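Work through the exercises below with the sequence and the model in view. Each task is followed by its solution in steps.

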Amino acid sequence: FRVGPASAGLTLELRNLDDAPMPAGIGLHPGFVKPLRIAVPAPRVLTDNTAPAAHPQPVEPPFDLRRLDVMADGLDATWTDLTGDAVDLAWPAHDLRATFRFSERAAFLVAASPADVDAVAVEPQTHAPPALRRLTGHEPGAPALLAPGDVLAVDYELRVRRAP
């Protein structure tokens, strides 16, 4: 864990202690209070995390969040082919902005905006859901097979600032 005056960060590590390869995936599951504006730098999306397709499709409204905007209530999707290493967040009513950075191993951004919850989940992770189906079906976005002794690690940092 790392904590600064306007930032917080952590590194998650998963080490294979077995003598055989293992499926491995990690991610973080923070929620951010609404009303929230979010920018996700991704041109492709799996539009339904409850029954995700094998392959992503190009983003179209309401999934095109490449510019800072409100995430529509009821969305629960996974963005992929990220063109950057951060998600931008903003709370205009409080004049706050934040940058949520993550290392490139977190190649998928799972996000959900339930209509009945006053928060948006923003989850950078190393694989797309559902992990085991993707692994056994040889689909893109499957968890890595971690060799014995190897480590899967992701760094995360949230930096908050006053909006310009």
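**Exercise 1: a salt bridge**

D69 and R37 form a salt bridge, with their closest N and O atoms 4.0 Å apart. A salt bridge here is a side-chain nitrogen of Lys or Arg within 4 Å of a carboxyl oxygen of Asp or Glu. The model is predicted: local features need pLDDT of at least 70, side-chain atom pairs count only at pLDDT 80 or more, and totals for chains, interfaces and linings use all residues. Residues are numbered from 1 along each chain as its sequence is written, and side-chain values use heavy atoms, leaving out hydrogens and water.

Task: state which parts the pair D69 and R37 ties together.

Step 1. D69 lies in strand 8 and R37 in strand 5 (residues 37-39); strands (E, at least two residues) and helices (H or I, at least four) are DSSP runs, numbered from the N terminus.
Step 2. The pair therefore ties together parts that are 32 residues apart in sequence.

**Exercise 2: E139**

Task: is E139 buried or exposed? Also find its place and its side-chain partner.

Step 1. E139 sits in the loop between helix 1 (131-136) and strand 14 (144-146).
Step 2. Its relative accessible area is 17%, so E139 is buried (buried means under 20%, exposed over 50%, partly exposed in between; 1.4 Å probe, protein chains only).
Step 3. For the partner, look for a salt bridge: R159 forms one with E157, the closest N and O atoms being 2.8 Å apart, while salt bridges that share partners join E139, R133 and R134 into one network.
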